[in-house]
Amino acid sequence: MRGKLSRTLGGLLLAAVLAAYATPGTAGAAEEPTGQFASVGTDWGRPGPYEVNVDIGVVHTFYHPRNLGQSGERHPVIIWGNGTGAVPGFYSELLRHWASHGFIVAAANTPTSNFAITMRAGIDVLERWNADSGSPFHGKVDLANIGSAGHSQGGAAAINAAIDPRVDTALPIQPGPVTSPDLMDEPTFYLAGQRDLTVWPALVKALYRDSDHVPAVYGEVRGAGHLGSIGDGGNFRAPTTAWLRFWLMGDENARGMFLGPGCVYCTDGDLWSGWDRNALALQIPGPTS
């Protein structure tokens with residue numbers, strides 16, 4: 001089930017929804033990934049096992065594993081939105097990093113991504129390629145597991161893109177203000193920078209607090225300014241990779257970084273100057289072992 005959650009759900013239905021979020025692959029969450037993805041342990045900042053290709057087009061730049069489906073897997077999708085005036089190349093090493101972990105990243109080339117139109121069109125392109133027997137992407141795209149991510153204006157776009165029912169999780173990095181979480185229903189990881197003077201942490205936290213109808217997590221990266229995710233992602237790289245691997249690949253090693261009473265990131269004061277999980281996130285089970 002990928003229908004929209006409602007604030008008016010009754011108690012029994014709410015319980016069912018929380019149970020569905022417990023494990024990716026069940027109703028209310030991303031579907032079970034196709035094929036096996038190699039474990040990378042918990043060192044999320046290190047490159048993954050895939051070599052990466054970059055295909056630059058007019059509308060999108062695609063970062064993806066060079067040997068798509070090499071072990072019979074289908075690759076989850078991340079649609080990406082740039083900050084104001086930026087292009088995907090500004091974030092190239094971060095997007096390459098995600099591709100090295102097995103994701104296909106469809107990065108919108110637009111420097112004005114706020115309304116997420118071009119981001120969502122990236123899904124349309126991959127749907128066509130996945131169905132085209134002459135395409136190297138044929139049958140190798142996991143269209144049941146899609147995340148939206150972006151920085152600054154693109155962070156707002158990541159939230160706006162999540163109104164698309166094809167999107168399963170959102171990852172807004174230092175998101176701008178022209179957005180509202182009210183229309184989206186996906187688990188969301190809000191990221192702020194402690195020293196961000198462009199998008200103040202208080203503004204990001206306000207969006208997080210407005211997301212009480214979905215499982216949401218707030219992380220404020222210690223010492224980070226507004227450009228902290230440019231290039232290789234800096235200290236944003238590891239936690240964003242863990243979040244995407246859990247929700248889109250079902251990587252159980254990543255579950256314990258965010259969920260359960262032993263949540264690793266909850267006590268990482270070196271990485272975070274602020275951390276919070278809302279009531280729905282707190283009710284998702286942590287690791288069983």
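The predicted model holds 1 disulfide, a term used here for a pair of cysteine sulfur atoms within 2.5 Å. The bond runs from Cys 263 to Cys 266, with an S to S distance of 2.1 Å. The angle about the S-S bond is 95°, and the link between Cys 263 and Cys 266 is right-handed. Buried here means under 20% relative accessible area, exposed means over 50%, and partly exposed covers what lies in between (1.4 Å probe, protein chains only).

A word on conventions. Because this is a predicted model, local features need pLDDT of at least 70 and side-chain atom pairs count only at pLDDT 80 or more, while totals for chains, interfaces and linings use all residues. Residues are numbered from 1 along each chain as its sequence is written, and side-chain values use heavy atoms, with hydrogens and water left out.

On to the overall picture. The protein has 8 helices and 10 strands, taken as DSSP runs numbered from the N terminus (helices: H or I, at least four residues; strands: E, at least two). Of the 289 residues, 56% are buried. Among contacts with a separation of 6 or more, 68% are between residues 24 or more positions apart, a contact being heavy atoms within 4.5 Å.

The strands come together in an open sheet of 9 strands, with mixed pairing and the order 2-3-5-4-6-7-8-9-10. Two strands are said to pair if DSSP finds at least two bridges between them. Strand 2 (52–56) and strand 10 (272–277) are the edge strands, each pairing on one side only. From one strand to the next, the twist averages 15°; axes are lines fitted to C-alpha atoms, for helices over the stretch in contact, and angles run from 0 to 180 degrees between N-to-C directions. Helix 6 (residues 237–249) packs on this sheet and touches strand 4, strand 6, strand 7, strand 8 (188–193), strand 9 (216–221) and strand 10. The direction of helix 6 makes about 170° with that of strand 7. Val 52 stands opposite Pro 65 in strand 3.

Strand 6 (residues 141–151) is mostly covered, with 10 of its 11 residues buried. Strand 6 runs parallel to strand 4 (residues 75–81), and 7 bridges join the two; in this pairing, Trp 80 has Ala 149 of strand 6 as its bridge partner. Strand 6 is also parallel to strand 7 (residues 169–173), here through 5 bridges, and His 151 has Ile 173 of strand 7 as its bridge partner. Strand 6, helix 4 (residues 153–161) and strand 7 make a right-handed β-α-β unit. Right-handed means that, with the strands pointing away from the viewer, the path from the first strand over the helix to the second runs clockwise.

That leaves the charged side chains. Side chains of opposite charge can pair when their charged atoms come close. With a salt bridge taken as a side-chain nitrogen of Lys or Arg within 4 Å of a carboxyl oxygen of Asp or Glu, the count comes to 9 salt bridges. One of them joins Arg 96 and Glu 93, whose closest N and O atoms are 4.0 Å apart. These two residues are 3 residues apart in helix 2 (residues 92–100), so about one helical turn separates them. Arg 96 is partly exposed at 32% relative accessible area, and Glu 93 is partly exposed at 44%.

Asp 124 pairs with Arg 166, the closest N and O atoms being 2.8 Å apart. This pair links distant parts of the chain, with Asp 124 in helix 3 (residues 117–131) and Arg 166 in the loop between helix 4 and strand 7, 42 residues apart. Arg 166 also meets Glu 127 in a salt bridge (3.2 Å, N to O). Glu 127 lies in helix 3 and Arg 166 in that loop, so this pair ties together parts that are 39 residues apart in sequence. Asp 124 counts as partly exposed at 30% relative accessibility, and Glu 127 does too at 31%. A network of salt bridges links Arg 120, Asp 124, Glu 127, Asp 164 and Arg 166.
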